[in-house]
Amino acid sequence: MELSLDSAFAVFDAQDSGCVSYGVEASGRRWFVKTATTAPSRCSLLRAARFHAAVRHPAIVRPEHVLDGPTLVYPWHDGSVLNHATVHGSDRSALHRFQQLPLPDVETAIATILDAHLAVTAAGYVAVDLYDGCFLYDFHARRLRLIDLDEYRPGPFTLDTDRLPGSRRYMAPEEFVRGAVIDQRTTVYTLGRTIHHLLDSPPGWRGSHHQMQVAVNATATTPADRFPDVAALTAAWRTTLPSP
């Protein structure tokens with residue numbers, strides 16, 4: 001592909017990941033181009049390329065081209081990131097807007113996230129660094145997409161560092177313990193936090209008591225006390241929804 005980054009219509013260069021991304025036009029289409037500027041960010045993009053080669057789901061935005069560098073070239077999608085996090089801080093204005101949507105729209109978005117993670121776990125991966133900055137929401141089309149899943153890894157695995165990357169608001173306790181096992185129950189915890197954050201709002205909890213219980217069970221401190229896998233969490237979530 002001929003990508004003229006000098007003529008980018010958008011530049012995202014204040015990320016703490018070491019990546020710089022661009023919105024560009026090429027071949028009659030708009031693209032989101034993600035490049036690495038450091039050794040750790042190159043490893044992250046190589047990990048992302050392997051993940052996207054293994055996982056397919058309509059809500060997961062995957063690169064259509066992987067170029068040398070590596071450079072990942074994704075289709076451009078309109079929408080707002082619910083947490084626009086940069087080295088300067090976090091802008092959660094889109095999250096606050098999302099939290100005011102009609103409840104069925106929020107429930108549909110949560111169902112999309114859970115369904116996508118059924119595909120993730122079916123491919124043998126676990127979620128790492130999933131938070132509201134990975135949720136791209138098109139308020140016009142009422143559609144949620146998942147982006148920036150660069151840290152997802154094959155699992156289970158044993159943590160060989162002092163912590164995994166991610167937002168403390170979403171991370172399970174074991175993600176801060178060297179030697180801990182990171183498996184589907186860790187992903188369940190993160191998804192439980194996702195349910196909590198998306199159904200919460202400044203005035204308070206918007207979901208039902210049953211939905212709160214699902215989120216609480218998913219985020220038990222001890223992994224053995226959580227839903228055993230993403231399939232069980234998803235099944236429990238579906239019982240909280242009105243019959244069609």
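A cavity, as I use the word here, is a set of points on a 1 Å grid over the protein atoms alone where a 1.4 Å probe fits but cannot get out, and a lining residue has an atom within 4 Å of a point. Grid points are joined across faces, edges and corners, and a volume is the space filled by probe spheres set on the points.

**Ground rules.** I am reading a predicted model, where local features need pLDDT of at least 70, side-chain atom pairs count only at pLDDT 80 or more, and totals for chains, interfaces and linings use all residues. Residues are numbered from 1 along each chain as its sequence is written, and side-chain values use heavy atoms, with hydrogens and water left out.

**Entry: the cavity.** I looked for cavities of 30 Å³ or more and found one. The largest cavity has a volume of about 50 Å³. Among its lining residues I noted Asp129, Pro165, Tyr170, Glu175 and Thr190. By class, that lining has six nonpolar, three polar and two charged residues. (Ala, Val, Leu, Ile, Met, Phe, Trp, Tyr, Cys and Pro count as nonpolar, Asp, Glu, Lys and Arg as charged, and the others, Gly among them, as polar.)

**Entry: the pocket.** A pocket is an open set with protein on both sides within 12 Å along at least five of seven lines. The largest pocket holds about 1200 Å³ of space. It is lined by 45 residues, and Gln15, Ser17, Lys34, Tyr131 and Asp148 are the closest to its centre. Which element gives the largest share of this lining? I found that helix 1 does, with five residues. (Helices, H or I with at least four residues, and strands, E with at least two, are DSSP runs numbered from the N terminus.) The lining has 20 nonpolar, 15 polar and ten charged residues.

Entry: I traced three strands in an open antiparallel sheet, in the order 6-10-11. Strands pair if DSSP finds at least two bridges between them. Strand 6 pairs with strand 10 (residues 135-138) over two bridges, and valine 81 stands opposite leucine 136.

**Entry: two helices.** Helix 4 (residues 184-199) packs against helix 5 (residues 209-218) at an angle of about 145°, with axes 7 Å apart. (Axes are lines fitted to C-alpha atoms, for helices over the stretch in contact, and angles run from 0 to 180 degrees between N-to-C directions.) Val188 and Ile195 of helix 4 and Met212 and Val214 of helix 5 are among the residues in contact, meaning heavy atoms within 4.5 Å. I read the contact as eight nonpolar, three polar and no charged residues.
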